[in-house]
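Me: I'd like to talk through some labels on this model and what stands behind each one.

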Amino acid sequence: MTDTPLGEGTRAVRAGLPETRQYEPTLPGPVFAAHFHLSGDPTGPYMYGRDSNPTWTHLERAIGELEAPGETVHTISFASGMAAISAVLMSQLRSGDAVVLPGDGYQVLPLVREQLEAYGIEVRTAPTGGDAQLDVLDGARLLWIETPSNPNLDVCDVRRLAAAAHAAGALVAVDNTLATPLGQRPLDLGADFSVASDTKGMTGHGDILLGHVTCRDAARADEVRRWRKIVGAIPGPMEAWLAHRSLATLQLRSDRQNATALALAQALEQRADVAGLRYPGLPGDPSHRIAARQMRRFGCVVSFVLPDRAHAERFLAALRLVDDATSFGGIRSTAERRRRWGGDDVPEGFIRFSVGAEDPEDLLADVARALDEAAAGRS
Ligand SMILES: *Cc1c(COP(=O)(O)O)cnc(C)c1O
């Protein structure tokens, strides 16, 4: 279009749009098709609906343009983030291989670990902070990174880990769900696979589940696509279309949500009833130094610890503008007492707060009032 690189907001609103055609819509609607007209030898872009769909093609192009601006990359979209994660693991690992997973990552990873071990794959874990995964890389086939980690918001140095992994002959995948490609671009930092749950900030409305894998290498992309075909973890056309429509506002949403997240973290920093505050965008946060080197935005998730379970529950119940719900990245703020799930290694009063797109003054006032009420023993 132009020789000057486009800004992120411009790229987000135009990402993946097909060429302009008279009387056609800008973003074509979802194509609902199990099969396509196909005569003669079966070749061509669209034959059967489990292999490909024009609505996926548009979405996959859009995501690729955000993951790696100006490059040709391969994106494969999936029915959920877990489908995308499993596709990389299952297509790249064989029995006898070793894989390094974060010990403090997404709460389904322990289940993944059990399954991989049942298939004869050795699983090693190490925490995200302090680049601890470096110590268990030897002989591994794949290094799986999640940074910032969820829900503790620790950060590792992706460039450094990826270089060490490649030197040791391992592939590198980054779960980029929390950051989104506007927060950090794993492929530029040296990863072979950028993987995400698009259920969260990427689509941002809390109304669809979706995921994707992006990589530069065509052969690896084919392996991941083959896995999608085998397990059939395909996105529905309606979800794919909604996701593409939602990507147009990714920069608007991220800027608003991330700025308010920083303001919330700064306000929480002042309170004596709040401990263990974490936000990678806070200059004093243990993650900040590395985060500032590899992230362009620090995300919308803030975590902190209230004195105990009852205090945390009073706080959540007192909030009026924030839904008590899991997940994150949506335009409506949500918060939850993370320990209720049992999996994460966090205190009983640990709150994971996902900042939405409300007016910052309203949100901060609601949180301050709810904290006051919780501290006073009311809810
Ligand atoms: C939510 C999440 C997933 C799983 O995504 P689904 O879309 O729920 O399958 C994976 N990784 C991280 C970091 C997540 O937050």
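Reply: First, the model is predicted, so local features need pLDDT of at least 70 and side-chain atom pairs pLDDT 80 or more, while totals for chains, interfaces and linings use all residues. Residues are numbered from 1 along each chain as its sequence is written, and side-chain values use heavy atoms, leaving out hydrogens and water.

Me: Why are Phe 304 and Phe 315 called an edge-to-face pair?

Reply: Rings of Phe, Tyr and Trp (its six-membered ring) pair if their centres lie within 6.5 Å, and planes under 30 degrees apart count as stacked, over 60 as edge-to-face and the rest as tilted. Phe 304 and Phe 315 have 5.9 Å centre to centre and 70° between the planes, so the pair is edge-to-face.

Me: What makes Phe 36 and Tyr 46 tilted instead?

Reply: Their planes are at 45°, with 5.7 Å centre to centre.

Me: Is Phe 36 buried or exposed, and what about Tyr 46?

Reply: Buried means under 20% relative accessible area, exposed over 50%, partly exposed in between (1.4 Å probe, protein chains only). Phe 36 has 17%, so Phe 36 counts as buried. Tyr 46 has 25%, so Tyr 46 counts as partly exposed.

Me: How do you know that the largest cavity lies between domain 1 and domain 2?

Reply: Domain 1 (8–247) and domain 2 (251–375) both give residues to its lining, so the cavity lies between them. The bounds come from an automatic or database domain assignment.
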